[in-house]
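Visitor: I am new to reading protein models. Could you take me through one, step by step?
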Amino acid sequence: MQIDREHVRKQFDQYTASYDLSDTKIRLKAEHTYRVAELCARIAESLSLPAEEADLAWLLGMLHDIGRFEQVRRYGTFTDAKSVDHAAFGADLLFREGLIRNFVSSEEEDGLIETAIRLHNAYLLPEDLSDRERMFSQILRDADKIDILRVNCEFSRQEIYNRPEEEFLTSEISEQVLQDALSMQNVLRAHRKTAADYIVSQISLTFGLVYDESRKIVLEQGYLERILDFDSRNPETAHRLQQIRSKVKQFLNKAEVPVSVEEMRRRDAATIAAGTPGKVLMRRAAEGIFKAWGEWPDGTLILCGSGNNGGDGFALAEILSEQKISCRILTLSDRRTEDAAYYEQRAARAGVPIQKYETGRAFEAPLIVDCLLGTGFQGEVREPYASAIRNINSARERGSRVISADINSGMNGDDGSGALVVQSDLTVTIGLMKTGFFTEAGKTHYKELTLAEIGII
Ligand SMILES: [Fe+2]
């Protein structure tokens with residue numbers, strides 16, 4: 001079907017001219033329409049659709065919110081719950097009242113256009129769509145979500161949700177909303193209770209994105225980053241936002257797919273060979289661990305083994321001292337990799353106390369970071385590592401919190417097995433997820449699992 005974009009634009013402008021464009025709300029919807037149309041075309045092109053199909057995707061963008069203008073004129077609100085479902089309303093205007101013929105003369109694609117518009121705001125698409133209906137609906141939904149992120153960013157929260165800023169800054173994230181977001185789902189409307197829930201709900205729109213191009217656009221535009229940077233004054237909310245933030249990053253970067261230890265080693269080496277030095281990766285890993293935990297207490301204890309996992313711990317100690325958080329290090333071995341030795345020196349220079357672990361000697365700390373054994377470990381844990389792992393686990397039973405860097409020490413990265421393994425509150429795995437975390441055995445070692453992006457190729 002031939003679509004004349006110029007004609008469609010003219011018709012759209014003519015249609016909206018009969019509404020009050022001096023009303024900001026109305027003007028915004030007109031702008032949103034044009035942007036969504038361009039995004040639809042871009043996504044369609046990324047899928048190598050022929051020009052006619054890209055035009056059709058563009059047309060969906062131009063028409064998807066056509067119901068908004070009449071909605072706000074009749075009901076004075078964009079809130080569907082207080083007026084009408086704007087998607088169904090728009091589809092009715094187009095196909096029951098015949099408005100569609102102002103835009104395209106052919107009836108050829110009426111069925112598809114109507115379906116995509118009716119479904120553009122549905123929580124989930126129904127199962128019984130044809131492949132083509134599904135694809136066009138998804139393109140439109142992706143484009144709409146991408147631009148909603150911009151709108152949410154460019155307008156104040158108070159205005160959009162009619163709540164005072166203070167409420168956003170201090171409220172909690174509800175449990176169900178957190179669970180929706182951590183399981184990478186759009187937040188269900190019925191779950192939203194607090195002001196902070198609305199922010200998470202905006203963020204979770206990202207999880208509905210289907211196409212690679214959509215994820216790319218979101219990263220490119222940076223609006224999501226700005227919403228994610230929301231600085232809550234409520235410490236629990238700040239911590240929960242951190243968890244959500246890393247989920248969003250995983251989703252956008254597709255780093256969620258777990259790999260074997262061998263694959264990880266290969267990708268690590270390839271990244272270094274392509275020009276990112278190991279020291280840079282180690283610093284990024286440490287930054288990732290730092291960002292993944294909300295509040296770092298003074299007196300944090302870092303346990304470092306002989307490999308690069310220990311190196312992450314030394315690099316982390318340097319970051320903590322930059323942040324004026326006091327910490328100390330216990331080392332399990334005199335051996336170091338080159339990069340680990342580099343960060344050990346820097347930590348020492350920053351004034352971090354570094355001592356040798358005395359086998360069997362118990363330790364106390366509000367927070368313990370486990371950087372003992374990395375993914376290279378296999379088999380049976382030997383001393384002094386075995387006693388250090390036992391000590392970490394008993395300190396945790398007495399109330400210490402435990403973070404494992406990259407992998408819980410003692411665990412096999414491929415299958416999650418291990419006779420003596422560190423039990424963590426949070427495991428921050430580096431670069432890519434490892435398969436071992438998702439086996440029945442692997443899941444028993446950590447309470448929470450997150451990924452630190454370090455730019456692995
Ligand atoms: Fe809409």
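Visitor: Which domains does the domain assignment of the protein give?
Guide: It gives domain 1 (1-152), domain 2 (156-254) and domain 3 (261-452). The bounds of a domain come from an automatic or database domain assignment. Residues are numbered from 1 along each chain as its sequence is written. The model is predicted: local features need pLDDT of at least 70, side-chain atom pairs count only at pLDDT 80 or more, and totals for chains, interfaces and linings use all residues.

Visitor: How many helices and strands are there?
Guide: The protein has 20 helices and seven strands. Both are DSSP runs numbered from the N terminus, where helices (H or I) have at least four residues and strands (E) at least two. The C-alpha trace spans about 80 × 45 × 40 Å along its principal axes.

Visitor: What percentage of the residues count as buried?
Guide: Of the 457 residues, 43% do. A residue is buried if 20 or more other C-beta atoms lie within 10 Å of its own, exposed if 12 or fewer do, and partly exposed in between, with C-beta atoms placed from the backbone.

Visitor: Back to the domains. What distance separates the centres of domain 1 and domain 2?
Guide: The centres, taken over C-alpha atoms, are separated by 25 Å. Domain 1 brings 15 residues to the contact and domain 2 brings 16 residues. Two residues are in contact if their C-beta atoms, placed from the backbone, lie within 7 Å.

Visitor: Against what do the buried residues of H11 pack?
Guide: They pack against H7, helix H8 (157-161), helix H9 (165-170), helix H10 (175-182), helix H13 (223-228) and H14. Helix H11 itself (residues 195-204) is mostly covered, with 10 of its 10 residues buried. Among them are Asp-197, Tyr-198 and Gln-202.

Visitor: And Asn-253, where does that lie?
Guide: Asn-253 lies in helix H14 (residues 235-253). Asn-253 counts as partly exposed because it has 15 C-beta neighbours inside 10 Å. Its C-alpha atom is separated by 9.1 Å from that of Leu-219, 34 residues apart along the chain.

Visitor: New topic: in what order do the strands form the sheet?
Guide: The seven strands form an open sheet in the order E3-E2-E1-E4-E5-E6-E7, and the pairing is parallel. Two strands pair if DSSP finds at least two bridges between them.

Visitor: Which strands stand at the edges?
Guide: Strand E3 (354-356) and strand E7 (446-452) do; each has a single partner strand, so one side of each is left without a neighbour in the sheet. On average, neighbouring strands are turned by 20° against each other, direction ignored. Helix H16 (residues 278-292) packs on the sheet, where it touches strand E5 (401-405), strand E6 (424-430) and E7, and its direction makes about 145° with that of E6. Such angles run from 0 to 180 degrees between N-to-C directions, and axes are lines fitted to C-alpha atoms, for helices over the stretch in contact.

Visitor: What about E2: how many of its residues are buried?
Guide: Four of its five residues are buried. Strand E2 (residues 327-331) pairs with E3 over three bridges, and strand E1 (residues 300-304) pairs with E2 over five bridges. Leu-330 in E2 has Gln-355 of E3 as a bridge partner, and Leu-303 stands opposite Leu-330.

Visitor: Through which helix does the chain cross from E1 to E2?
Guide: The chain crosses through helix H17 (residues 308-322), and this β-α-β crossover is right-handed. That term applies if, with the strands pointing away from the viewer, the path from the first strand over the helix to the second runs clockwise. E2, helix H18 (residues 338-349) and E3 also make a right-handed β-α-β unit.
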